[in-house]
Amino acid sequence: MDRSALVEMTGISVAFGPVQALQSVDLRLHPGEVHALMGENGAGKSTLIKTLTGVHPVDAGEIRVRGEPVAFAGPAAAQAAGISTVYQEVNLCPNLSVGENLLLGREPRRAGRIDWRGVRRRAAEVLGRLHLDVDPSSPLGAHSIALQQLVAIARAVEVEARVLVLDEPTSSLDASEVAELFRVVRRLRESGVAILFVSHFIEQVFEISDRMTVLRNGRLVGEYATADISRRQLVSAMVGRELEVLEQLDRAPAEPAADAEPPVLAATGLGRRGAIEPVDLAVRPGEVVGLAGLLGSGRTELARLLFGADRADTGELTVGGRPVRLRTPRAAIDAGIAFSPEDRKAEGVVADLSVRANIVLAMQASRGWMRRIPRRKQDELARRWIELLDIRPADPDALLGNLSGGNQQKVLLARWLITQPRLLILDEPTRGIDVGAKAQIQALVAEQAREGTAVVFISAELDEVVRLSDRVLVLRDRRPVAQLAGEDVELDRVMELIATGGGARA
Amino acid sequence: MRDLLRRPVWPLVALLLLNLAVMPSFFAVRLQDGRLYGSLIDILHNGAPLALAALGMTLVIATRGIDLSVGTVVAISGAVACTWIASSPDPASPGTALTGIGLALALAAALGAWNGFLVARLGIQPIIATLVLMTAGRGLAQLVTDGQIITVNNGFFAGISGSALLAVPLTVVVAAAVYALVALVTRRTALGTLVEAVGINPEASRLAGVRSQSIVWTVYVFAALCAAVAGLMISSNVNAADANNAGLWLELDAILAVVIGGTSLAGGRYSIAGTLLGALTIQTLTTTIYSVGIPPEVSLVFKALVVILVFLAQAPKVRALMRRRRRRRDDAPPPAATAVPAETAGSGR
């Protein structure tokens with residue numbers, strides 16, 4: 001046994017029904033260290049975290065904290081043992097104050113009543129320890145997501161946490177917010193807390209972590225010191241195959257003659273008050289148009305207008321040269337437009353239906369309920385697309401809600417690709433999914449374009465937008481800033497336009 | 001045993017066995033004047049209105065909705081049919097009865113469309129939207145009957161509940177036919193899947209091009225039609241329309257039947273067979289109260305106890321507890337899926 005380990009998990013196995021989520025996995029956390037847990041979607045990271053935090057019981061294996069074997073009956077028991085968790089989505093109450101959130105459920109009391117002055121004092125103390133300059137009496141909802149995240153961390157460490165689990169804490173933060181978060185994480189590390197850090201962002205992992213554990217398909221690949229492993233080694237440990245899929249996608253730019261063809265979709269002055277200022281945009285067959293901009297720049301809002309998910313209040317749209325009014329998604333689908341929304345869980349996934357039913361949903365919807373797709377055809381479509389997109393598990397009867405994020409995304413892509421759309425709008429199709437699936441999806445987009453589909457591609461990862469797009473529309477503060485084409489589609493240019501709006505150029 | 005507990009069959013079986021113990025002739029069925037008679041036939045006959053109301057409710061609940069106006073629509077449909085028959089110049093003719101039935105169904109469809117309009121079009125929460133009709137509709141029924149109990153004497157109308165087809169009471173035939181039709185339609189078309197999709201994730205369904213509004217609209221109209229047929233059965237049974245009491249609280253029994261049948265009130269996956277079982281269970285329970293001779297003043301308490309028992313037995317926590325006890329008794333611990341104790345954790349390696 002390793003004397004210095006604060007938490008030692010050995011031989012952890014967990015099964016959900018027939019699915020073996022974890023098989024004999026080890027994990028050690030040391031005080032004063034940031035330990036990254038790495039793996040593709042479906043590798044078992046979340047399951048492992050949940051066994052550590054008492055959410056899932058283990059089928060086999062042992063968890064020791066400070067050398068003592070423990071069996072957590074629930075999250076509260078884990079917390080009592082000094083293990084605190086901050087999840088990806090902030091699980092706090094935005095209508096309460098920062099201080100109330102920090103101490104919710106463990107407010108200092110005096111004579112059976114909450115001692116509000118004590119709450120404020122204790123909250124200020126905790127915030128001060130992390131060097132966070134926030135007024136404890138301000139409502140939590142008034143602050144940015146990043147700050148709410150930091151408050152969640154402060155809450156987690158307020159209980160004298162010895163182990164802090166951070167599950168994808170940075171996925172909705174921008175660069176400066178990430179820096180702020182890391183400053184807090186480092187401070188906690190110095191104070192001797194063991195930190196388990198889960199993230200898809202490889203650069204961040206290398207920046208913050210001291211050690212990492214890599215999982216693949218529910219099994220342990222290995223534990224590495226961050227200093228001893230290269231990015232390439234890490235990625236191949238996670239993906240488990242040589243990285244041909246990750247090779248640079250060399251997309252030939254769209255045929256210059258494309259101008260002769262009418263655009264699949266053309267928007268003139270398309271806008272919606274409060275969402276996006278009027279935009280001109282044309283997408284031709286076989287062309288990938290990227291929408292680049294920060295979160296809240298209006299990229300999602302524009303995509304929703306193009307699909308009729310929201311109604312435009314100004315401007316005109318033509319599809320294949322003919323003017324149309326897209327009042328509903330249904331009208332857009334009938335015009336050959338497909339849309340994979342940003343918020344997969346809320347707007348895409350029908351969790352309690354099977355993978356098969358989800359794949360055929362859009363096609364079935366456009367046929368109407370009277371004309372059911374024959375079962376054999378459904379099976380054939382599901383099998384073909386599961387294989388084509390490498391969806392795992394390769395079981396058409398699995399409920400979609402049980403699949404990992406990346407595999408859910410592939411199912412949603414399959415849902416639209418079987419309808420053979422003329423225009424494919426993809427809003428963040430690669431967000432929160434692992435390297436392997438990401439590369440597969442990028443390759444798929446390139447292939448669709450090669451086959452003549454027009455694509456509108458949105459991603460927060462600018463290098464991805466730049467790599468895939470023939471043209472890029474840059475958005476900033478809900479306004480179109482510039483359109484780049486050909487040689488001009490370049491990461492630096494896009495970043496500069498996003499940063500300055502083009503005003504500071506020249 | 002575990003499978004039996006998971007399916008909602010056992011309460012029905014248990015109730016039937018209890019009846020058999022009290023009254024050995026309980027399962028006897030005899031043929032008389034071309035119609036079957038017996039306690040089991042009575043359960044089916046008396047349970048038909050509830051089974052129909054619960055069927056409509058199942059689809060509504062599957063779309064994340066609920067329809068509180070079912071009982072009221074029962075009263076309205078009986079009131080409209082009986083008032084029409086009673087006030088017509090030829091109150092005994094089949095034609096008059098048919099027109100009255102047609103009017104009742106048409107009005108019910110309109111009321112269902114109203115519910116659908118509030119829920120699907122205006123986006124009002126279903127419980128509020130249908131509460132409007134639940135309360136206001138009784139007033140409408142009283143307006144139709146002028147506050148009186150309307151009695152009719154029409155052989156055709158009485159035949160809805162009094163006649164038999166191939167010895168089977170017509171009520172049972174009608175209910176069975178509607179169940180078969182819905183099972184067929186939802187399975188053979190994509191309606192079942194689309195209803196579930198809308199119930200599980202309305203926004204995702206909309207963005208996938210599902211016409212959620214018309215689906216929601218349709219299920220409310222269907223639920224109202226089911227309630228109207230139930231109302232015709234009930235008023236035909238007594239040859240009268242009682243605007244105050246007909247179908248009173250029927251919506252709650254219908255919801256109960258759906259839930260006993262295993263359909264979640266959160267919407268999504270539903271089970272038509274489960275609802276049928278649920279409705280029969282509730283009706284059998286009512287029959288049991290009479291046959292076992294439970295005093296009327298404690299009959300509701302008895303009903304409540306049975307319902308609580310059924311739900312407890314279906315609750316995942318209780319089931320897990322029973323499994324664990326059984327395993328301990330069996331003295332052969334298999335690799336536990338839910339248990340955490342260290343001794344079983346070690347045995348897996």
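1. Let's start with one residue of this predicted model. If you set aside the neighbours within four places in sequence, S469(A) is in contact with V288(A), V289(A), G290(A) and V489(A). You will find S469(A) in the loop that runs between α16 (462-468) and β21 (471-476) of chain A.

2. S469(A) counts as buried because its relative accessibility is 9%, and the cut-off for buried is under 20%.

3. Stepping back to the whole chain, chain A is divided into domain 1 (7-242) and domain 2 (261-351 + 401-500). Their C-alpha centres lie 33 Å apart.

4. Now for the partner chain. Chain A brings 36 residues to the contact and chain B brings 29. Together the two chains bury about 2500 Å², of which 63% is on carbon and sulfur atoms.

5. Which residues form the salt bridge? R304(A) pairs with E203(B), with 3.8 Å between the closest N and O atoms.

6. On the side of chain B that touches chain A, α8 (170-188), α9 (191-200), α10 (202-207) and α16 (342-347) of chain B each supply at least two residues. The most comes from α9(B), with six residues. Sorted by class, that side of chain B has 15 nonpolar, six polar and eight charged residues.

Terms used. Residues are numbered from 1 along each chain as its sequence is written. Chains are lettered from A and ligands numbered from 1 in the order in which they are written. This is a predicted model: local features need pLDDT of at least 70, side-chain atom pairs count only at pLDDT 80 or more; totals for chains, interfaces and linings use all residues. Side-chain values use heavy atoms; hydrogens and water are left out. Helices (H or I, at least four residues) and strands (E, at least two) are DSSP runs, numbered from the N terminus. Buried means under 20% relative accessible area, exposed over 50%, partly exposed in between (1.4 Å probe, protein chains only). Contact means heavy atoms within 4.5 Å. Domain bounds come from an automatic or database domain assignment. Buried area is the accessible area (1.4 Å probe) that two parts lose on being put together, summed over both. A salt bridge is a side-chain nitrogen of Lys or Arg within 4 Å of a carboxyl oxygen of Asp or Glu. Ala, Val, Leu, Ile, Met, Phe, Trp, Tyr, Cys and Pro count as nonpolar, Asp, Glu, Lys and Arg as charged, and the others, Gly among them, as polar.
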